[in-house]
Amino acid sequence: MPRFCGKTVIITGSSNGIGRSAALLFAQEGANVTITGRNSDRLEETRQLLLKSGVSEKNINSVVADVTTASGQDQLINTTLAKFAKIDILINNAGASIPDATGATGIDQGIDIYQKTLQLNLQSVIEMTKKVKPHLIETKGEIVNISSIAGGSHAQPDFIYYSCAKSALDQFTRSSAIDLIKYGIRVNSVSPGVVATGFIGAAGLDNEAAKKFYKHMAAHKECIPAGVAGKPEDIANIILFLADRKLSSYIIGQSIVADGGSTLMMAMQFGDAM
Ligand code: NDP
């Protein structure tokens with residue numbers, strides 16, 4: 001029997017990238033999945049991908065919604081309950097580094113950008129967690145948040161507000177994990193490094209520039225020692241591991257870093273000096 005057979009999973013941000021890959025893996029492993037995003041065309045691509053892989057229509061709930069709005073969040077939860085009658089797993093994956101349209105960088109970026117960035121990467125996760133809590137108490141469920149190595153201890157002037165949001169998300173993961181484990185709900189997170197998805201496009205680069213970005217990062221082992229940008233499924237497999245109580249039941253409030261070694265590198269490389 002597939003390991004997520006009979007489980008119901010909401011995966012935010014599954015119209016693209018890591019969320020799409022996680023939705024495919026969960027559905028192939030037998031889960032009912034609620035897939036979602038704002039872009040209806042891309043969301044339909046995810047739905048078609050699942051159907052083509054042999055997943056039945058009855059196991060898919062596809063919802064166009066903005067996860068930063070109360071109505072979008074309610075729609076996700078209510079349609080999931082209407083179609084599948086329960087919620088076992090919440091994957092808080094939707095996220096982005098939102099660019100300032102004026103071209104401002106660093107702390108010159110507008111406070112509106114700060115607010116939108118925090119609303120998407122932090123507040124929507126808090127709101128979804130609060131709303132799904134009673135349903136996960138019933139199922140003794142799991143939450144997996146998708147953070148970023150940008151939330152770690154290195155400075156991130158290029159992604160300044162995004163990195164603040166992900167740092168705060170890491171603290172929310174730890175604290176909500178301890179708060180919710182008394183109900184039998186587990187919370188953990190994944191912190192990816194560079195992964196080739198729509199992320200860089202959403203951060204303001206066009207397709208050509210995004211390709212160059214990934215090529216550059218992979219070619220510089222001081223950036224990614226593994227010498228390759230991550231694939232969405234590299235992260236999706238970890239999401240499934242953390243959502244699988246048989247495999248990871250004793251992991252509570254932790255973040256697994258998957259970054260090809262990036263965070264172990266110091267900017268101060270010795271190079272020829274040695
Ligand atoms: P993508 O841009 O490929 O996917 C992001 C997803 O989030 C899309 O499905 C997008 O859907 C959705 N989304 C964005 N804003 C909203 C919103 N307001 N309401 C609903 N859905 C929204 O990027 P990734 O797959 O890479 O990103 C997934 C997660 O991984 C994010 O949390 C990101 O911060 C994190 N991450 C990614 C890294 C990378 O290098 N790729 C590195 C570290 C962390 P739509 O546009 O249809 O609304």
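I am working with a predicted model, where local features need pLDDT of at least 70, side-chain atom pairs count only at pLDDT 80 or more, and totals for chains, interfaces and linings use all residues. Residues are numbered from 1 along each chain as its sequence is written, and side-chain values use heavy atoms, with hydrogens and water left out.

**Entry 1: the ligand**

I started with the ligand. Which residues come closest to the ligand? I found 30 residues around the ligand, and the closest are Ser-15, Arg-38, Asn-93, Tyr-162 and Thr-197. A residue is listed here if one of its heavy atoms lies within 4 Å of the molecule.

I sorted this shell by class. It holds 11 nonpolar, 15 polar and 4 charged residues. For the classes, Ala, Val, Leu, Ile, Met, Phe, Trp, Tyr, Cys and Pro count as nonpolar, Asp, Glu, Lys and Arg as charged, and the others, Gly among them, as polar. Helices α1 (17–28) and α5 each supply at least two residues of the shell. Helices (H or I, at least four residues) and strands (E, at least two) are DSSP runs, numbered from the N terminus.

Next I looked up polar contacts, meaning pairs of N or O atoms within 3.5 Å; within protein, one must be able to donate a hydrogen and the other to accept it, and residues adjacent in sequence count only if both atoms are side-chain atoms.

- Arg-38, at 2.6 Å.
- Ser-15, at 2.7 Å.
- Lys-166, at 3.0 Å.

Taken alone, the ligand exposes 880 Å², and the protein buries 94% of that. Accessible areas come from the Shrake-Rupley method with a 1.4 Å probe; for residues, only the protein chains shown count as cover.

**Entry 2: the cavity**

Rolling a probe the size of a water molecule over the atoms shows where empty space is left. On a 1 Å grid over the protein atoms alone, a cavity is a set of points where a 1.4 Å probe fits but cannot get out; a pocket is an open set with protein on both sides within 12 Å along at least five of seven lines; lining residues have an atom within 4 Å of a point. Points are joined across faces, edges and corners, and a volume is the space filled by probe spheres set on them.

How many cavities of 30 Å³ or more does the structure hold? I found 1. About 40 Å³ of space lies in the largest cavity. Its lining includes Ser-97, Gln-109, Thr-117, Asp-158 and Tyr-162. By class, the lining has 6 nonpolar, 3 polar and 1 charged residue. Both α4 (111–139) and α5 (160–180) supply at least two residues. Helix α5 gives the most, with 3.

**Entry 3: the second largest pocket**

I read off a volume of about 270 Å³ for the second largest pocket. It is lined by 16 residues, and Ser-97, Pro-99, Asp-158, Phe-159 and Ala-203 lie nearest its centre. The lining divides into 9 nonpolar, 5 polar and 2 charged residues. Ser-97, Asp-158 and Phe-159 also line the largest cavity.

**Entry 4: single residues**

I finished with single residues. Buried means under 20% relative accessible area, exposed over 50%, partly exposed in between (1.4 Å probe, protein chains only).

Is Asn-188 buried or exposed? Asn-188 counts as buried because its relative accessibility is 1%. It sits in strand β6. Its side chain reaches the backbone nitrogen of Gln-254 at 2.8 Å. A polar atom of that side chain also lies 2.8 Å from the backbone oxygen of Ile-251.

Lys-182 is in the loop between α5 and β6 (186–192). Its relative accessible area is 56%, so I logged Lys-182 as exposed. A polar contact of 2.7 Å joins its side chain to that of Asp-179.

I also noted two non-glycine residues with positive phi. Ala-85 has a phi of about 75° and lies in the loop between α3 (70–84) and β4 (89–92). It counts as exposed, at 63%. Lys-140 has a phi of about 50° and lies in the loop between α4 and β5 (142–146). It is partly exposed, at 47%.
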